[in-house]
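Please keep the sequence and the model in view while reading.

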Amino acid sequence: MEETILVESISYSAVCQGCGAEVEWCGAQTLVGEALRWDVETTCPTCGLALAVCGGDLPEELRGRLLSEHGRARLRMAPPMKNAAIMRVLRAELGIGLDGVRAVVDQVLTGQYSGTLPEMELLARKLRASGIEAAASRTAD
């Protein structure tokens with residue numbers, strides 16, 4: 001089954017790398033298959049420089065803007081939940097140790113673990129691939 005591509009984007013001001021003028025940039029966090037991407041582009045009206053940077057990591061300050069503009073998404077799982085399998089997937093995907101993953105599992109199970117919709121859907125896809133019924137959904141807060 002082909003997975004849906006998810007995109008969340010923001011516009012923000014930053015300096016033109018060509019002339020130093022303040023320009024509008026467009027950034028998008030995209031989930032394609034099982035990979036998150038951060039792509040940005042701009043065209044400077046002052047010097048004409050057009051720039052696109054694809055496949056980078058989402059800067060933390062811009063992640064905060066995405067969360068603020070689009071809202072948080074939560075990872076949800078249906079019972080019965082196999083904690084050992086959940087922990088294996090989350091440790092592998094988040095790159096955290098046993099103590100850290102226990103805290104994340106507690107947050108997931110209580111509906112408190114959140115992030116951008118592409119981030120949470122990536123985790124849900126990885127969990128589903130391990131036989132765990134999981135979904136990402138937007139929250140109201």
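Which residues in α2 meet which residues in α4? Ile86, Val89, Leu90, Glu93 and Leu94 in α2 meet Leu123, Lys126 and Leu127 in α4, where contact means heavy atoms within 4.5 Å.

## Basis and overall layout

This is a predicted model, in which local features need pLDDT of at least 70 and side-chain atom pairs count only at pLDDT 80 or more, while totals for chains, interfaces and linings use all residues. Residues are numbered from 1 along each chain as its sequence is written, and side-chain values use heavy atoms, with hydrogens and water left out.

The protein has four helices and seven strands, and from the N terminus on its elements run β-β-β-β-α-β-α-α-β-α-β. Helices (H or I, at least four residues) and strands (E, at least two) are DSSP runs, numbered from the N terminus. The C-alpha trace spans about 60 × 30 × 30 Å along its principal axes.

## Helix α2 against α4

Helix α2 (residues 83-94) packs on helix α4 (residues 117-129) at an angle of about 135°, with the axes 10 Å apart; axes are lines fitted to C-alpha atoms, for helices over the stretch in contact, and angles run from 0 to 180 degrees between N-to-C directions. The two helices α2 and α4 are therefore oblique to each other, given that angles under 35 degrees count as roughly parallel, over 145 as roughly antiparallel, 65 to 115 as roughly perpendicular and the rest as oblique.

The residues of the contact of α2 with α4 divide into six nonpolar, no polar and two charged. Here Ala, Val, Leu, Ile, Met, Phe, Trp, Tyr, Cys and Pro count as nonpolar, Asp, Glu, Lys and Arg as charged, and the others, Gly among them, as polar.

## Helix α2 against α3

With helix α3 (residues 98-109), α2 makes an angle of about 115°, and their axes lie 9 Å apart, so α2 and α3 are roughly perpendicular to each other. Asn83, Ile86, Met87, Leu90, Arg91 and Leu94 in α2 meet Leu98, Val101, Arg102, Val104, Val105, Val108 and Leu109 in α3. By class, this contact of α2 with α3 has 10 nonpolar, one polar and two charged residues.

## The largest pocket

The largest pocket is lined by Leu36, Arg63, Glu93, Leu94, Tyr113, Ser114, Glu119, Met120, Leu122 and Leu123. On a 1 Å grid over the protein atoms alone, a pocket is an open set of points where a 1.4 Å probe fits, with protein on both sides within 12 Å along at least five of seven lines, and lining residues have an atom within 4 Å of a point.

Helix α4 gives the most to this lining, with four residues, and the lining divides into six nonpolar, one polar and three charged residues.
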